[in-house]
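Biologist: Could you take me through this model? I would like to begin with the overall fold and then turn to particular contacts.

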Amino acid sequence: MPSPEPSSVLRSPKLWIGSGLIVAVVSILFALLYVGGNVNPKGNLRDLPIALVNSDRGADANGKHLNLGDQVVSGIEKSAADNHSFSWQVVSRQEADKRLGQGKVYGALVVPENFSATVAALGSPKPVEATRPTLTVLTNQSAGSIGSSMASQANQKAAHAASAQLGKELLSRAAAQKAQLAPAAKLMLTDPVNVEVADGHPLGTHSAMGLSAFYYALVLIVCGMLGANAIVSQVDTALGYLHTDFGPFRQRMPVRHTSRVRTLAVGTVLMLGLSLAMGSLVELATVGILGMDASHLGLLWLYSVGTIAAVGVSALALLAVFGTPGMLISTIVFVAMAVPSSGATVPLEALPGFFHALSEFEPLRQITGGMRSILYYDAQGDAGLTRAWISMGIAFVAAVLFGFGVTRLYDRKGLHRIPRAAESTEAEAAPVPA
């Protein structure tokens, strides 16, 4: 019986429908997840944490003791009562520096110690000798560049609003005293406060402006996923379930019947062993060759190996349980849903509710948090490293229990990958080469 023409395959409705459904799911999911999580960060912004520091000691003016720093703080808190986009946290300068150094706030607005005294000096008989008071806006790119930018804009807006309010009071006081102000002095009093912007938690030049932790974490995720796919292919080839093509040459090993549990066990051992190599190579390439800013190199290596192992074993479990669709599921879980909910580019406070819920368990958010702690925050546990280790351990144990539990169930029900009877029938029916 002659073999059908290869082109006849294209006339198969099943081929078109099956392939169409797969690419349709991939297209719509990636579009909705990637764009949906980032399309309107300002509209979704809720309670972005910003530190508010009042170090003002106050000053005596016209027989009264004034603390204009308190006035600035109360004005910001009053305006924030109707705006839930930002969460202003009134703390000391020491606490603000601590939270900046742990990535818990995206910026800070600092009122200096001499603020009231400097403002009061503007109303002295010799205003030309006075200096402008200063409010300092601190940024924090280590917590995320977009979140830091949003916090900086909010801080500068609040500082300029406070300056305008103080200007009105100073001009009103000058008018009450019937002081004759030169045009330059009057202009200065209209907007008396100088707003300075500074880096609240400086990073090195080779830190991708606060994104190196995210890119490094994403590399670890991809290594774990691709490593799992490669291992499944190599194990199946070695067991004779698949053939391997090298250009025009094909290699097919004899089939070695084994249980699904043992097949998964072989892949898991390979994954754990090769994670050592992959983690080492990733660190060598990024730190050794590219010069990425990094400290705690031993901990970074251990974290890299652990992350690749946890992601790889999880991907192996999905492939073992779901077969070929497991690859698509892994891509959706570890990439499509993980990237927009990671909080690495758009802050978690600016994500829609669905993505904010995903961030509680999606791996990339936890991995990026731990990586930030290692690269930016001196490996502090409170800066995300403890949460990352715990999440990694839970994910690893859950993947092992899920993968081996389901494959054991398959084996007990006799759901072998290649039934022996079917293979014998195929072998008997196969034509003998001349």
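This is a predicted model: local features need pLDDT of at least 70, side-chain atom pairs count only at pLDDT 80 or more; totals for chains, interfaces and linings use all residues.

Biologist: How many helices and strands does the protein have?

Modeller: There are 15 helices and nine strands, taken as DSSP runs numbered from the N terminus (helices H or I, at least four residues; strands E, at least two).

Biologist: And what share of the residues counts as buried?

Modeller: Of the 434 residues, 42% are buried; the term means under 20% relative accessible area, with exposed over 50% and partly exposed in between (1.4 Å probe, protein chains only).

Biologist: At what angle do α9 and α10 pack?

Modeller: Helix α9 (residues 260–289) and helix α10 (residues 297–322) pack at about 145°, with axes 8 Å apart. Axes are lines fitted to C-alpha atoms, for helices over the stretch in contact, and angles run from 0 to 180 degrees between N-to-C directions.

Biologist: Which residue classes make up the contact of α9 with α10?

Modeller: The contact of α9 with α10 comprises 16 nonpolar, seven polar and two charged residues. Ala, Val, Leu, Ile, Met, Phe, Trp, Tyr, Cys and Pro count as nonpolar, Asp, Glu, Lys and Arg as charged, and the others, Gly among them, as polar.

Biologist: Changing topic, how many salt bridges are there?

Modeller: The count is six, where a salt bridge is a side-chain nitrogen of Lys or Arg within 4 Å of a carboxyl oxygen of Asp or Glu. One of them joins Arg93 and Asp97, at 3.2 Å from N to O.

Biologist: Where do Arg93 and Asp97 lie relative to each other?

Modeller: They are four residues apart in helix α4 (residues 93–100), so about one helical turn separates them. Arg93 is partly exposed at 37% relative accessible area, and Asp97 is partly exposed at 35%.

Biologist: Which residues are linked in a salt-bridge network?

Modeller: Glu360, Arg365 and Arg387 are linked in this way. The side chains of Arg365 and Glu360 meet at 4.0 Å, N to O.

Biologist: Is Arg365 buried or exposed?

Modeller: Arg365 counts as buried at 18% relative accessibility, whereas Glu360 is partly exposed at 45%.

Definitions and conventions:
Residues are numbered from 1 along each chain as its sequence is written. Side-chain values use heavy atoms; hydrogens and water are left out.
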